[in-house]
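Here's a quick briefing to read with the model open beside you. Have a look first, then we'll go through it topic by topic.

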Amino acid sequence: MKRIVILISGRGSNMQALLEAKLPCEIAAVISNRADAQGLATASAHGIATAVVSHKDYADRASFDAALAKIIDGYAADIVVLAGFMRILTDGFVERYAGRLINIHPSLLPAYPGIDTHERALQDGVKIHGCTVHFVTPTLDHGPIIIQAAVPVLRDDTPQSLSARVLCEEHRIYPQALRWLCLNQVWLDEHGRVASDRLEQPGAPLLSPGLE
Ligand code: GRF
């Protein structure tokens, strides 16, 4: 069974969804860069080892990433999962875990990389928004896409209501993506593309607004 390390910075609801999904893997540890991350208590309550590596204790990104990698490797992680981890990682770190480092982002990438995705989607008036699980590459929020979920944007949406709708789907697609990786059913090929031996078809089309 593959060994998984999850990196968080805060609430940890995606981490919780992964812990509760009964995935065919061993979640070896949850690591946070913030000692006050709510998700640490959730992980402990699930009997998962936790660690804190505070970015404030390091002079620069490279030394923080080196310390983080040392702890991750101490848990012999096969796959590293970013779940609301709010630090930009160095190219060296990303390359060390190439093909086994994944992230979830609250938009339909490549639209809206970065922060404040729901506010920006509402400002632009898009009618469909969503979330993406992707392999991490050195370009922020731009790696090869494993799975996406789309949700309608409703007329009276606020960033909060839209975020809640997207988050529900995050909690569905992240466990699915990790399950595929754990079972070697999805992988990053030698051309840097997502490959899969699965035969499933896409879900139903989403029209937003719907037709009358
Ligand atoms: C999620 O919206 C995730 O997509 C983004 O940060 C948020 C983390 O939420 N990367 P949580 O800590 O998993 O609850």
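Let's start with D141, whose side chain reaches the backbone nitrogen of G114 at 2.8 Å; that is a polar contact, meaning a pair of N or O atoms within 3.5 Å where, within protein, one must be able to donate a hydrogen and the other to accept it, and residues adjacent in sequence count only if both atoms are side-chain atoms. Keep in mind that this is a predicted model, with local features needing pLDDT of at least 70 and side-chain atom pairs pLDDT 80 or more, while totals for chains, interfaces and linings use all residues. Residues are numbered from 1 along each chain as its sequence is written, and side-chain values use heavy atoms, with hydrogens and water left out.

**More on D141**
- D141 sits in the loop between β6 (128-135) and β7 (145-152); strands here are DSSP E runs of at least two residues, helices are H or I runs of at least four, and both are numbered from the N terminus.
- With 9% relative accessibility, D141 counts as buried (under 20% relative accessible area, with exposed over 50% and partly exposed in between; 1.4 Å probe, protein chains only).
- Setting aside neighbours within four places in sequence, D141 is in contact with N103, H105, L109, P113, G114 and H134 (contact means heavy atoms within 4.5 Å).

**Domains and cores**
- The domain assignment gives domain 1 (1-97) and domain 2 (103-198), with bounds from an automatic or database assignment.
- Their C-alpha centres lie 19 Å apart, and 20 residues of domain 1 are in contact with 17 residues of domain 2.
- The largest nonpolar core has 40 residues, and I6, V81, I146 and L178 have the most contacts inside it; such a core is a set of buried Ala, Val, Leu, Ile, Met, Phe, Trp, Tyr and Cys residues joined through side-chain atoms within 4.5 Å.
- Helix α6 (residues 159-182) gives this core its largest share, nine residues.
- Both domain 1 and domain 2 give residues to this core, so it lies between them.
- Apart from this core lies another one of 22 residues, including L7, A67, A77 and L101.

**Ligand**
- Around the ligand you'll find R11, G12, S13, N14, G84, I104, H105, P106 and E170, each with a heavy atom within 4 Å of it.
- Ligand oxygen atoms lie 2.5 Å from a polar side-chain atom of S13, 2.8 Å from a backbone N or O atom of N14 and 2.7 Å from a side-chain N or O atom of E170.
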